[in-house]
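Subject: Structure handover

Hi,

Here is the structure I promised to pass on.

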Amino acid sequence: MCNACGFPMKPGHWTDAGTDTPGDRLRVQMRRAQVLDRILTPYGLRARPPGNMRGFSLSSLSGKTTLVPDLEALWEEAARATGAPLDPLDPRFIGE
């Protein structure tokens, strides 16, 4: 990829599939962060889009913030922060 113009664009993460424009990617990223917040808040964590890059900003209640590149890394970092693995398919998160 060209450092000056960024062409050709690096392919995104598979979770960005179906987003054709930067605006689409931003909307999907914001919505994903809202869902993640609902899951992570009971664990004392918050997820937000980092703004000018892909991935997430994962913060604890103490303010410790870690930038992660994708969802896989977010779950790994959340497990490291809580000291136990988190199950995003836990019935309390998916409404069962």
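One term before anything else: when I say that residues touch or are in contact, I mean that they have heavy atoms within 4.5 Å. Please keep in mind that this is a predicted model, where local features need pLDDT of at least 70, side-chain atom pairs count only at pLDDT 80 or more, and totals for chains, interfaces and linings use all residues. Residues are numbered from 1 along each chain as its sequence is written, and side-chain values use heavy atoms, with hydrogens and water left out.

**The overall layout**

The chain has three helices and three strands; these are DSSP runs numbered from the N terminus, H or I with at least four residues for helices and E with at least two for strands. Reading from the N terminus, the order is α-β-β-β-α-α. Of the 96 residues in the chain, 30% are buried. Here buried means under 20% relative accessible area, exposed means over 50%, and partly exposed is in between (1.4 Å probe, protein chains only). Among contacts with a separation of 6 or more, 32% link residues 24 or more positions apart.

**The sheet and the helices on it**

The three strands make an open sheet in the order 1-2-3, with antiparallel pairing. Strand 1 (45-48) and strand 3 (65-68) are the edge strands, each pairing on one side only. Two strands count as paired if DSSP finds at least two bridges between them. On average, neighbouring strands are turned by 20 degrees against each other, direction ignored.

Strand 2 (residues 56-60) pairs with strand 3 over four bridges in the antiparallel sense. Within that pairing, Ser 57 has Leu 67 as its bridge partner, and Leu 58 stands opposite Thr 66. The two strands form a hairpin with four residues between them, and Gly 63 in the turn has a positive phi of about 100 degrees.

Helix 1 lies across strand 1 and strand 2, and runs at about 175 degrees to strand 1. Helix 2 packs on the sheet too, touching strand 1, strand 2 and strand 3, with its direction at about 10 degrees to that of strand 2. For these angles, axes are lines fitted to C-alpha atoms (for helices over the stretch in contact), and values run from 0 to 180 degrees between N-to-C directions.

**What sits inside**

Which residues have the most contacts inside the largest nonpolar core? They are Leu 36, Leu 40, Phe 56, Leu 58, Leu 74, Trp 75 and Ala 78, in a core of 14 residues. Helix 1, strand 1, strand 2 and helix 2 each give two or more residues to this core, and helix 2 has the largest share with five residues. By nonpolar core I mean a set of buried Ala, Val, Leu, Ile, Met, Phe, Trp, Tyr and Cys residues joined through side-chain atoms within 4.5 Å.

Leaving out residues up to four places away in sequence, Trp 75 touches Leu 36, Ile 39, Leu 40, Leu 86 and Pro 88. Gln 29 counts as buried because its relative accessibility is 11%. With the sequence neighbours up to four places away not counted, Gln 29 touches Pro 49, Pro 50, Met 53, Arg 54 and Gly 55.

**Charged pairs**

How many salt bridges does a search of the whole structure find? There are three, where a salt bridge is a side-chain nitrogen of Lys or Arg within 4 Å of a carboxyl oxygen of Asp or Glu.

- Arg 27 and Asp 24 have their closest N and O atoms 2.9 Å apart. Both are in helix 1 (residues 22-40), three residues apart, about one turn of the helix. Arg 27 is exposed at 55%, while Asp 24 is partly exposed at 24%.
- Asp 37 and Arg 46 come to 2.5 Å between their closest N and O atoms. Asp 37 is buried at 11%, and Arg 46 is partly exposed at 34%.
- Arg 80 and Glu 77 meet at 3.1 Å, N to O. Both lie in helix 2 (residues 71-82), three residues apart, about one turn of the helix. Arg 80 is exposed at 59%, whereas Glu 77 is buried at 12%.

Over to you!
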